[in-house]
Amino acid sequence: MIRTRGRIAAAGMLALALTAPAVPAAQTLAIEGGTVHPVSGASYTGTVVVRDGMIEAAGPGVAAPRDVEVLIDARGLHVYPGLFNAWTTLGLVEIDSVSATLDQAELGDTPHLLAVEGVHPASEIIPVTRANGTTHALTAPGGGPWAGQASVILLDGWTVEEMEVEKSVGVVLEWPSLATREFDFSTFSVREKKFSEAKRDYDRTVDELGDWIEAARQYDHARSNAGSGTAVEQDHALEAVASVARGELPLLVVADRARAIRDAVAFAEEHGLQLVVASGRDAAGEADLLAEKKVPVILNSVQALPVEEDDPYDGPFAAPGELHRAGVPIAFGTFDASNARALPYEAATAVAFGLDADAALRALTLGAAEILGLDDRLGSVDAGKWANLIVTDGDPLEVRTAIRHVIVRGRDVDLSNRHSRSYELYRGRPALR
């Protein structure tokens, strides 16, 4: 992921930078007269002032400064925090069916690899996603079980350094499955296993995950207590797991089935780990357990079909509302790149099936930032936070709403993208005679 194609991408960006114009500095900007929805408090009509990439002031009595460089007249419009897609593969995947554009996974256990180091800033999917109101996103590796570390990026910037919000917000662990059927690639056939055999293999894999945690703690202890004459060989993989064992980073467990979610919660409690469940298809059925243990859930696509034939048709639609009412912190992710632009409509579907509208907006903004430990910088329209904002002509969860401005770290960015360029191109196609 990082050592081969990442270098090629970096070389390509270096060549581009030699001919590209300099990146504009953050602007002194004011958004005046709009209805501001700070998420952290009640909405109001007022002004938001941005300086050096930060929100300098926001409120009903705030006036635009005299030295403002960009003044956005937002009368009749709405100002929201930029949306946060809490789980994607943005920058790591371009075209799912073209393997040369897939950079999200390595073979084996690689908990030390950082997703941000494999991000391709020139991805065509990023501007498309940004134009629909998403200003920052978590991008996550796959594979594993120890897949790597998830990063949070801005959806604007020439280089990964400019895009980076946080190198690591957690170590991704893909929880093992208990399956009685598996595909044998050597014979291209399906192999059936007895449940007892499948359970034994599953338990062994979970025990091996526990061994990783204990090995990381022993390694951490040896490194911190090594004397001047004692050398402990550096192990980057164990260092990454040790950061989870110490509680510095959460364990981001990708789990769908109810059994997997219960076992992941028990695993985290046994080893004293901070846990976040990602994907969580069956999480609503474990809502009481998750609420009791204070385990947040980053939900996969709400606009999905039931998996089992006896599942209710509206199970995925209603799950966010059920989790929220039980007291489980939630956020929304699309878990891919190509559909990342549809993030607000995932939340909108949940609202139509019982999730409170204010809770949905919070899950797309401040709630996601809180789950990932970034609420001191992102998620609300408050002085002192990064200026990631959107200006709209309506509710961002409504498909009819147009995004008028997207401001990323204080810059009013260009909303043109591959979709809009194709629209303009084919709209101007000569008429048939």
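Residues are numbered from 1 along each chain as its sequence is written. In this predicted model, local features need pLDDT of at least 70 and side-chain atom pairs count only at pLDDT 80 or more, while totals for chains, interfaces and linings use all residues; side-chain values use heavy atoms, without hydrogens and water.

**Exercise 1.** Find the side chain that makes a polar contact with S123.

Solution. A polar contact is a pair of N or O atoms within 3.5 Å; within protein, one must be able to donate a hydrogen and the other to accept it, and residues adjacent in sequence count only if both atoms are side-chain atoms. The partner is E94, at 2.6 Å.

**Exercise 2.** Describe the salt bridge between E286 and R262.

Solution. A salt bridge needs a side-chain nitrogen of Lys or Arg within 4 Å of a carboxyl oxygen of Asp or Glu. Here the N to O distance is 3.1 Å. The two residues are 24 apart and link distant parts of the chain. R262 belongs to helix 6 (residues 258-271), and E286 to the loop between strand 15 (275-279) and helix 7 (287-292); helices (H or I, at least four residues) and strands (E, at least two) are DSSP runs numbered from the N terminus. E286 is buried at 13%, whereas R262 is partly exposed at 38%.

How values were computed:
Buried < 20%, exposed > 50% of the residue type's maximum accessible area, 1.4 Å probe, protein only.
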